[in-house]
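Here are a few exercises to work through with the model open in your viewer. Try each task before you read its solution.

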Amino acid sequence: MSGADESVGQQVGLWTIAREWGRIGTIGFGGPPTHIALLRKLCVERRKWITAAEFEDGIAATNLLPGPASTQLAIFTAWRLRGIPGALIGGLCFIVPGLVLILALAVLFLTGNPPLWVQGAAAGAGAAVAAVAVQAATALIPASWKRAGQQRAARTRWIGYALAGGAAAALIGPWMVLVLITAGAIEVAVRVRPARSASRPAAWPLPLALAAPAAGGLLALAWVAFKVGALSYGGGFVIIPLMQADAVHHYHWMSDGQFLNAVALGQITPGPVVQTVAVVGYAAAGIPGGLLAATVAFAPSFLLVICGGPRFDRLRANPGVQAFFTGAGPAVIGAIMGSAIPLALALHHAWQYAVLAAAALWLLAARRGVVSALLVAAALGIAAALTGWPTG
């Protein structure tokens, strides 16, 4: 993949990129599958700006990077058309609509004395979040299992990585990323000659994971947001236990219930789950905190695509990188699945567990959508609040 073709760059104006990427950012409810489908329809099928093969290569390359993959794909496709200006404008226009909406909802849901119906909606939607995490993990299993290969030893390691990731998410919170990195490093050691690349793909995140947390205030918020943007391998849900440990238990910016609301808001708004960090930022320092957290969390995605775009072919062909993600992938799946445990334990009322069970059936048995599950759960919460059931 090369940089943006000059003739294509002359045909696609920056205003066109701003308008089209902004439209996708506004209507992109449903998470990464929706974002990818909308980008494919625009760039490959309708406008024919990018070939189908180039688009699929972009998906594969961005899935190798830490951070929200569909956001990085939006940045990459805009970069492919107009270079760095296109990447900046396309990425911002894709992110901003969902960010504005989630901050507006954060003001409504996290106010000091919200109306009764808002309390009920928050308690109902929050109750369904653990089921959403399980659904997100199960959706990743087939591709990761296939990537491991047919050998019994490889599949045994896959199961071990997944179990380790799940235990880490449930028990050690912010240090979970060390388990993900270790799983990837083990797979590199098994599949690639150690002298060549056993440490290369796995070593760079270690300083991020081992550095001491910031003392507090906006610097602490920026540090948490940076970890969210730089360490979210395999999808935004993997950073949920990391964020919960920092925002709820370490810095006490929000309660467990408010954190569940934040995750739910990240699901029902357009854009990636990573935008949940904006709600955490709002809880920590108001609107400026929300904007700071979002800016810091998305900055690594822009840097990785803009600086790494010309090298994506070599990245995909690197056996060490491939092996690292073959090992880290199942650990990520286990971590997402394990994050459902603290999310479920954060519930306080019996009726919330009934909503959780109903959401699990809706998502896992009926295979219906996440947005509809959360909206129905919110409606049930409103009904519970108006009936007089506890919501606090």
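**Exercise 1.** Which residues of helix α4 (residues 52-62) are buried?

*Solution.* Some ground rules come first. This is a predicted model, where local features need pLDDT of at least 70, side-chain atom pairs count only at pLDDT 80 or more, and totals for chains, interfaces and linings use all residues. Residues are numbered from 1 along each chain as its sequence is written, and side-chain values use heavy atoms, with hydrogens and water left out.

Step 1: take the helix from DSSP (runs of H or I, at least four residues, numbered from the N terminus). Step 2: apply the cut-offs, with buried under 20% relative accessible area, exposed over 50% and partly exposed in between, using a 1.4 Å probe and protein chains only. Step 3: read off Phe55, Gly58, Ile59, Ala61 and Thr62.

**Exercise 2.** Find the residue that caps the N-terminal end of α4.

*Solution.* Look for a polar contact, meaning N or O atoms within 3.5 Å, one able to donate a hydrogen and the other to accept it; residues adjacent in sequence count only if both atoms are side-chain atoms.

**Exercise 3.** Work out how α5 and α16 are arranged.

*Solution.* For α5 (residues 69-109) and α16 (residues 276-308) you get about 165°, with the axes 10 Å apart. Step 2: α5 is therefore roughly antiparallel to α16, a label for angles over 145 degrees. Step 3: sort the residues of this contact, and you find 24 nonpolar, six polar and no charged. Here Asp, Glu, Lys and Arg count as charged, Ala, Val, Leu, Ile, Met, Phe, Trp, Tyr, Cys and Pro as nonpolar, and the others, Gly among them, as polar.

**Exercise 4.** What is the phi of Lys48?

*Solution.* Most residues other than glycine have a negative phi. Lys48, in the loop between α3 (32-46) and α4, has a positive one near 55°. Lys48 is also exposed, at 64% relative accessibility.

Notes:
Axes are lines fitted to C-alpha atoms, for helices over the stretch in contact, and angles run from 0 to 180 degrees between N-to-C directions. Helices (H or I, at least four residues) and strands (E, at least two) are DSSP runs, numbered from the N terminus. Angles under 35 degrees count as roughly parallel, over 145 as roughly antiparallel, 65 to 115 as roughly perpendicular and the rest as oblique.
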